[in-house]
Amino acid sequence: MLQDGVLITMSALVNEEGDLRPGAEELVSCLKGNGISFLILTEKTLNTAEETARDLARKGLVGIVGKDIYTTAMAAAERIIQIRPGKNKAAYIGGKGIREALSVNGFQTNVSQADWLFIGKDRNTVFRDYAY
């Protein structure tokens, strides 16, 4: 039945308060113990994948590493490079996760001549500051 692996949303593992949901540790342990590949999907891009993995480890999900995390910024950057390979200048508002996704995919950050604008959460930004 299962061919390639399991995709797990972050919200399936962690509740709104930031605590692990019941059974989250057992799920990850079972997947790892049976050699089943998995990715944890998240829209959160304030932190890098490695930082997110460390945060999950602090919560009790043992053995999670950066390659187990896949963000919306990673997906967007990879897709844009596939469909528009020459359009690799980007500006962004957001955290280190967006910056990492852009860098890994060969984007140059160029605010004045950007082909793309990536917008994510930034604790220090009020979006109306960018309305001009």
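**View 1. Three strands form an open sheet in the order β1-β2-β3, with parallel pairing.** Two strands count as paired if DSSP finds at least two bridges between them; helices (H or I, at least four residues) and strands (E, at least two) are DSSP runs, numbered from the N terminus. The edge strands, each pairing on one side only, are β1 (6-9) and β3. From one strand to the next the twist averages 30 degrees. The model is a predicted one, in which local features need pLDDT of at least 70 and side-chain atom pairs count only at pLDDT 80 or more, while totals for chains, interfaces and linings use all residues. Residues are numbered from 1 along each chain as its sequence is written, and side-chain values use heavy atoms, with hydrogens and water left out.

**View 2. β1 and β2 run parallel and are joined by 4 bridges.** T9 stands opposite L41 in β2. Helix α4 packs on the sheet, touching β2 and β3 (contact: heavy atoms within 4.5 Å). The direction of α4 makes about 65 degrees with that of β3; axes are lines fitted to C-alpha atoms, for helices over the stretch in contact, and angles run from 0 to 180 degrees between N-to-C directions.

**View 3. The axes of α4 and α5 come within 9 Å and cross at roughly 25 degrees.** From α4, the contact involves A73, M74 and A77; from α5, G97, I98, E100, A101 and L102.

**View 4. The largest nonpolar core has 26 residues.** Such a core is a set of buried Ala, Val, Leu, Ile, Met, Phe, Trp, Tyr and Cys residues joined through side-chain atoms within 4.5 Å. L13, I40, L56, L61, I64 and F118 have the most contacts inside this core. Two or more residues come from each of α1 (10-13), α2 (24-33), β2 (38-42), α3, α4 (72-83) and α5 (96-104). Helix α4 gives the most, with 4 residues. Leaving aside residues up to four places away in sequence, I64 touches V28, K32, F38, I40, A53, L56 and I69.

**View 5. D68 lies in the loop between α3 (49-59) and β3 (69-71).** D68 is buried, with a relative accessible area of 4%; buried means under 20%, exposed over 50% and partly exposed in between (1.4 Å probe, protein chains only). Not counting residues up to four places away in sequence, D68 touches K32, F38, L39, I40 and G63.
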